[in-house]
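Here is a friendly briefing to read with the model open beside you. Please keep the viewer handy as you go through the topics.

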Amino acid sequence: PTLDWLCAQGGIAHSDRLWVRSVKLYADGALGSRGAALLNEYSDEPGNRGLLFHEDEALRAQVATVMACGFQVAIHAIGDAANRQALDAIIAVSGQYPDNPGRHRIEHAQLLTDGDLEKFAPLGIIAAVQPTHATSDMYWAEQRLGPDRVQFAYAWRKLVEHGARLALGSDFVVEEVNPMLGFYAAVARSDPEGWPEGGWHPGQRLSRAEALRGFTLDAAYAGFMEDRVGSLAPGKLADMVILDRDIMQVDEDQLPSTLVLETWLGGRRVYHRGAR
């Protein structure tokens, strides 16, 4: 009903503080509950491949409805079967709506196959990933997926190498909202106590520059707001934080405890640490 109403209003709606230009769809469940849809059965539960919420044609019909109204499509996809279905739905339908602004998103993109990693860049599909998912799930993810598939789980470096744009976030309230924890997870792939030493599948870590861009300018791009926020530049809103340390230089183990001293929104200070 909400989508129908938005379409009836002519599509995209926004104000100075609220933009509505994306519609989220769901392809499957979560890996922890074994509801993520896998191409092959769970390693720790033979016979179970999780659950796809829609048949292929039904998901494509939903995608078409969203695109026809001019909205960005954002599809929750965790398992490799769900990611394949979501990517293929966007690819199949996009050509029918050449006036749609695109920048469609796969939300989470947690488990992919080598072939599906290649599908993001050609159509500019954004991988909207949450780094702390990896450090929350790393204790049991290999039990679910086995040693071979887990190499393609939370595979941020592989996505970057295949030309995908990453928009990083927290997935609050599932995870902590604190972006410092996400930044640390992205570059260290360890928990705040430093486990495992050297990082979990460290080859998939992001550089600090990549992580910073993912949480700022590329996140803004994913929301069609790169001309307004995401970096400090003339003509953009002065949205920024002042931190108590240089997160591009300090040791990794100092990143999780980074504190915000001030928050500025539109050039106005809205938070000052210690103020009453």
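Arg165 lies over the face of Tyr221, 3.6 Å from the ring centre, where "over a ring" asks for NZ of Lys or CZ of Arg within 6 Å of the ring centre and within 35 degrees of the ring normal. Arg189 is placed likewise over the face of Trp156, at 4.5 Å from the ring centre. Please note that this is a predicted model, in which local features need pLDDT of at least 70 and side-chain atom pairs count only at pLDDT 80 or more, while totals for chains, interfaces and linings use all residues. Residues are numbered from 1 along each chain as its sequence is written, and side-chain values use heavy atoms, with hydrogens and water left out.

**Aromatic pairs**

- The structure holds two aromatic pairs; rings of Phe, Tyr and Trp (its six-membered ring) pair if their centres lie within 6.5 Å, and planes under 30 degrees apart count as stacked, over 60 as edge-to-face and the rest as tilted.
- One of the pairs is stacked, with Tyr139 and Trp195 at 5.5 Å centre to centre and 15° between the planes.
- This pair links distant parts of the chain, 56 residues apart: Tyr139 is in the loop between helix H6 (131-137) and helix H7 (141-149), and Trp195 in the loop between helix H9 (179-188) and helix H10 (208-215).
- Helices (H or I, at least four residues) and strands (E, at least two) are DSSP runs, numbered from the N terminus.
- Tyr139 has 44% relative accessibility and counts as partly exposed; buried means under 20% relative accessible area, exposed over 50%, and partly exposed in between (1.4 Å probe, protein chains only).
- Trp195 is also partly exposed, at 44% relative accessibility.

- An open sheet of five strands runs in the order E3-E4-E5-E6-E7 with parallel pairing; two strands pair if DSSP finds at least two bridges between them.
- At its edges are strand E3 (22-26) and strand E7 (165-168), each pairing on one side only.
- Neighbouring strands of this sheet are turned by 25° against each other on average, direction ignored; axes are lines fitted to C-alpha atoms, for helices over the stretch in contact, and angles run from 0 to 180 degrees between N-to-C directions.
- Four bridges hold strand E4 (residues 72-77) and strand E5 (residues 105-108) in parallel pairing, and Ala77 stands opposite His108 in E5.
- The open sheet of three strands has the order E8-E9-E10, with antiparallel pairing.
- Strand E8 (240-243) and strand E10 (268-272) each have a single partner strand, so one side of each is left without a neighbour in the sheet.
- Strand E9 (residues 260-265) is joined to E10 by four bridges, and the bridge partner of Glu262 in E10 is His272.

**Core and buried residues**

- The largest nonpolar core has 60 residues, of which Leu25, Val63, Ile75, Ile106, Phe120, Tyr154 and Leu159 touch the most other members; such a core is a set of buried Ala, Val, Leu, Ile, Met, Phe, Trp, Tyr and Cys residues joined through side-chain atoms within 4.5 Å.
- Helix H3 (residues 80-94) gives the most to this core, with seven residues.
- Leaving aside neighbours within four places in sequence, Tyr154 is in contact (heavy atoms within 4.5 Å) with residues including Leu31, His133, Arg189 and Trp200.
- Arg105, placed in strand E5, counts as buried at 18% relative accessibility.
- Among the contacts of Arg105, leaving aside neighbours within four places in sequence, are Gln72, Ile90, Ile126 and Gly223.
- Eight of the 10 residues of H9 are buried, so this helix is largely enclosed by the rest of the structure.
- The cover over the buried residues of H9 includes H6, helix H8 (156-161), H10 and E8.

**Backbone points to check**

- The peptide bond from Phe172 to Val173 is cis, with omega near 20°, and Val173 is in the loop between E7 and H9.
- Another cis peptide bond joins Trp195 and Pro196, with omega about -10°; Pro196 is found in the loop between H9 and H10.
- Arg34, not a glycine, has a positive phi near 60° and lies in the loop between E3 and helix H2 (56-68).
- Phe224 also has a positive phi, of about 60°, although it is not a glycine, and counts as buried at 12% relative accessibility.
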